[in-house]
Each structure stands twice: as C-alpha cells, then as structure tokens.
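Please open the structure in your viewer and keep the selection panel at hand. The tour goes from one selection to the next and says what is found at each stop.

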Amino acid sequence: MRTRWRYVLAGAAVLLLAGCSGGTSADSARSAVAPAQRQEQGAAPKQGNAQASVPEPGATDRKLARSARLELTTPKTDEVVSRAKAIATGAGGYAGQESATDDSASLTLAVPAEKLDGVLEQLGGLGQVKRREISAQDVTSQVVDVDARLATQRASVERIRALLAKAQSVSEIASVESELTSRQATLESLERQQASLAGKVAMATVSLSVTKQAAAAAEETGGFLAGLSGGWDAFVVFCSGLVRVLGVLLPFLIAFGIPAGAVFWWLRRRKARPAE
C-alpha cells in the first residue's frame, strides 16, 4: 500500500514539474517576442508622425508660380527694350529670349516674384500700354508631393547603401549596385523637379511685346512751327507742280512760239516802213 502511494505521489510531482516547465517555456517565448512587438509598436508611432509631418496643401503657405504679359506701343522700340532689360536687372532678375524686327520686338524677363507688380509699373511707363495680363498657378500640391517623395527616396537610397556595405559575394554586390543606380536616378529626377518648382515660385516670368507707332497727329498740327512746316510743304508742292506744267508746255512753246514771234516781228517792221 505504501509503495502504491509512493507511485501516485511521484506521478503528481512529475505532472507538477511539467506544468512549471511549460509555463517557463511560454514565458520565454513571450519574452523573446515582446522586444519585436515593442519595436513594431515603437515604429508605428514614428510612421504615424512621418505621415503627419507631411503638410496638407491647405495647411501651408500657398506656392504660386506667377507670370505676366505686357504689350506696349512706342516710337522707339530699341530704346524700350534696352530700358526694360535694365529694369529687370535692377530688380534682381535677368533677360531671357529676345527677338526684334524693324517695327516690333519681343523680350522675356525673369524677376523675383515679390517684385513683379513694381516691375510691371515701371515697364508700363516706357510706352502706351495696349494689353496687360497677370496670372498665377497654384503649385502647392505639387511641391508637397515632390518633397514627400524626395524624402522617401532618400531614405530608400540610404537603405540600399547599407545593404551594399554588408554584401559579401560578387553576385550580391552586383545586384545591390544595380538597384542603387536605379534608385539614385529616381532621386536625381525628383531633385530636378523640386528645383524646377522652386524656381517657378521664386521667379516670375514677364513676356514683353513692343510695337512701333507713328508720331501723334496732334503734335504735328499744333503751333507756329507746325503751321510753318505745313506752309513750306504746300509751297514745295506748288513749285513742283508748276515746274511740271512748264516742262509739259516747253516743247509747244518752242515749236509754235518761235515762228509766231518771227511773224509778229515782220509785221511790225512792215508797218513801220510807210511811216518813214
């Protein structure tokens, strides 16, 4: 009987030890998984913060690409083009594409966006304004999108560089370098887009057209000098007409005038003889 109870107690002890070891194994598994879960949970808020750090288009200052078109008429197109270049340079800008003919000229100017209105006022004073247009394109969403993609692509390139540093075999190095080249090309393309958008926002474009015009009629018809000039022109016209008439009559005067004069002289001489 005592032997039987000893077997029973031994079995219970074995079951108790098995349960304890099972609990310990479960605790070890949980302790091994916990750091990974904590790492994932710690990474989740960072990802959320990264998404929150990308500003919405409505929450940022508007990014506007401004441009203008100005058409002028002036008696001196060359002078206006030269002064327009000086105005753009004085404002911190520069002159771009230019074309000119005898009666017209066109010029593209780039000036700081915040000085566009003042530059247009100065350009308008160079001649008579026939047309003036100002437009603004909102590129805020494009700027935000390119900035976010650029940050993501830079992080991707850094990860590939880290893998390249750990690569050991030739095949691994070749594969990682190929991927790195591809991602760097994408990164450079995004950087060019970012620079282009920044340039459009910072500098405004002015398309200037200049057309030559004649002097005003009111200036030609007013005052003593204008009257004297008109009288002289009329006298010249009269003299030129008279000379033309004389030129037309001269052959007839030669053909008929000389014989008629000879006959008249002969008749007068004949009448004078009986009196003598």
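Select Thr 140 and Asp 138 to begin, and show their side chains: these side chains make a polar contact at 2.6 Å, a polar contact being a pair of N or O atoms within 3.5 Å, where within protein one must be able to donate a hydrogen and the other to accept it, and where residues adjacent in sequence count only if both atoms are side-chain atoms. Thr 140 counts as buried because its relative accessibility is 1%; buried means under 20% relative accessible area, exposed over 50% and partly exposed in between, with a 1.4 Å probe and protein chains only. Thr 140 is found in helix H4, where helices (H or I, at least four residues) and strands (E, at least two) are DSSP runs numbered from the N terminus.

Before moving on, note that this is a predicted model, in which local features need pLDDT of at least 70, side-chain atom pairs count only at pLDDT 80 or more, and totals for chains, interfaces and linings use all residues. Residues are numbered from 1 along each chain as its sequence is written, and side-chain values use heavy atoms, with hydrogens and water left out.

Next, select helix H5, residues 170–202, whose buried residues are Val 176, Leu 180, Leu 187, Leu 190 and Leu 197. These buried residues pack against helix H4 (140–166), contact meaning heavy atoms within 4.5 Å. At 1.5 Å a residue, the 33 residues of H5 should span 48 Å, which agrees with the 47 Å between its end C-alpha atoms; the expected span is 1.5 Å times one less than the number of residues.

Now select strand S5, residues 203–212, which pairs with strand S1 (residues 64–74) in the parallel sense over eight bridges, two strands being paired if DSSP finds at least two bridges between them. Leu 70 has Leu 208 of S5 as its bridge partner. Strand S3 (residues 104–112) pairs with S5 in the antiparallel sense over nine bridges, and there Pro 112 has Met 203 as its partner.

From S3, go on to strand S2 (residues 94–100), which pairs with S3 in the antiparallel sense over five bridges, while a hairpin of three residues joins S2 to S3.

Finally, select helix H3, residues 116–124, where Leu 116, Val 119, Leu 120, Leu 123 and Gly 124 are buried.
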